[in-house]
Amino acid sequence: MPGHDVDTKVRAVTVRTIGIIGGGQLARMMHAASIPLGVRIALLAEGPDVSAAQVVADTDVGDYTDADTVYAFAERCDVITFDHEHVPPPILRELQARGKQVHPTPDALLHAQDKVVMRERLTGLGMPCPIFAVVADADELRAFGERTGWPVIAKTSRGGYDGKGVWKLDGPDDADEPFANLKPGVRILAEEFIDFSRELSVLVARRPSGEERVYPVSETVQTNGICTHTFTPAPDLSAEQRDAIEAMALRIAAELGVTGILAVELMQRPDGSVVVNELAMRPHNTGHWSIDGAWTSQFENHLRAVADLPLGPTEVRQPHAAMVNVLGGARDDLLEAQAEVLVAEPAARVQLYGKSVVPGRKVGHVTVVGDDADDVRNRAQAAADHLMGVQR
């Protein structure tokens with residue numbers, strides 16, 4: 001399997017404190033992974049009660065878009081990494097100029113921050129992407145739709161996530177919508193509509209020395225723009241398709257110079273071909289299964305990578321892993337609901353994020369692993385339904 005070359009060189013350990021910018025659940029789970037590694041986590045959080053700030057002792061509360069705040073925070077860190085991609089590039093470049101390690105680097109991270117930059121670079125590398133164009137106004141968007149056919153997908157170049165900043169436009173009458181309330185410096189990317197049969201995701205861990213490992217390809221399910229399920233390894237994927245997808249992800253990571261976790265999200269057409277949909281350069285929702293389903297979780301390998309420590313194996317522990325996101329629903333008391341789940345599904349692994357319950361908000365996830373794909377899917381869904389108060 002590609003990407004499993006082991007770096008046998010033992011280097012001096014220079015990273016003892018990893019600074020994470022952003023206090024969401026990804027930082028919370030990175031903190032959990034840091035404990036057995038013995039590295040210290042410092043956190044720059046958006047507020048005192050956000051997910052990661054509840055568990056990280058060394059937490060600053062501040063604005064990650066304020067340069068002085070970020071510079072002061074970075075002073076006590078050996079390396080900076082991220083819970084999200086929203087830190088302004090000039091701040092990160094100045095950190096580098098001051099001698100601070102930033103992983104992923106600003107040059108790499110830009111491809112996850114700006115969808116136009118990502119599309120142009122990947123197309124230049126010969127990677128399969130949708131037909132696209134940058135459109136300045138509704139008239140140009142209509143012209144794009146006439147060339148490629150409707151519907152059309154429109155996206156903001158920056159700032160979108162979990163379905164926000166993405167529109168499916170059924171015809172020319174909808175072309176004004178993406179330009180309403182458009183922020184300065186944000187462009188609109190128009191893409192052909194891909195009539196995909198399913199979505200896939202593959203994660204690569206890569207360290208500065210170049211050592212890299214790839215996780216098994218996952219099938220992902222998106223509901224209203226939010227990832228709600230992953231199934232690993234992706235069912236009905238031939239060995240040839242799997243190897244090609246893994247090789248593509250490894251090449252993207254190398255060409256962009258990614259350090260840490262790279263998530264490559266893909267759309268698969270009915271004929272089996274794939275196109276790249278999105279990139280993320282941090283631990284990713286589609287890799288949450290790895291906490292309980294892989295020999296080394298994505299969170300641990302991200303920390304190992306940014307600290308330039310040898311990477312851990314990424315193979316599955318059991319033949320199948322199903323992850324279901326827990327979205328805010330009818331149950332307000334998640335601890336009580338979890339206790340009931342642990343009785344009904346004792347093998348289900350529940351992760352709660354310490355968030356208040358808001359309808360549709362990600363507040364946790366459930367993973368089940370085992371020998372039978374249908375069984376782990378059903379048990380994971382049943383556990384998540386119980387936490388959400390869903391009656392089936």
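This is a predicted model: local features need pLDDT of at least 70, side-chain atom pairs count only at pLDDT 80 or more; totals for chains, interfaces and linings use all residues.
Visitor: Is P184 buried or exposed?
Guide: The relative accessible area of P184 is 79%. Exposed means over 50%, so P184 is exposed.

Visitor: How many Å separate the C-alpha atoms of P184 and A347?
Guide: Along the chain, P184 and A347 are 163 residues apart.

Visitor: Which strands stand at the edges of the open sheet?
Guide: The sheet has 4 strands with antiparallel pairing, in the order β6-β9-β7-β8. An edge strand has a single partner, so one side of it is left without a neighbour in the sheet. The strands at the edges are β6 (132-135) and β8 (166-169).

Visitor: Which residue of β9 stands opposite V134?
Guide: Strand β6 runs antiparallel to β9 (residues 188-192), and 4 bridges join the two. Opposite V134 stands a residue of β9, namely L189.

Visitor: At about what angle to β6 does helix α6 run?
Guide: Helix α6 comprises residues 138-148 and lies across β6, β7 (152-156), β8 and β9. Its angle to β6 is about 160 degrees.

Visitor: Is C77 buried or exposed?
Guide: C77 has a relative accessibility of 2%. Buried means under 20%, so C77 counts as buried.

Visitor: How many disulfides does a search of the whole structure find?
Guide: A disulfide requires two cysteine sulfur atoms within 2.5 Å. Across the whole structure, the number of disulfides found is 0.

How values were computed: Residues are numbered from 1 along each chain as its sequence is written. Side-chain values use heavy atoms; hydrogens and water are left out. Two strands pair if DSSP finds at least two bridges between them. Contact means heavy atoms within 4.5 Å. Axes are lines fitted to C-alpha atoms, for helices over the stretch in contact, and angles run from 0 to 180 degrees between N-to-C directions. Buried means under 20% relative accessible area, exposed over 50%, partly exposed in between (1.4 Å probe, protein chains only).
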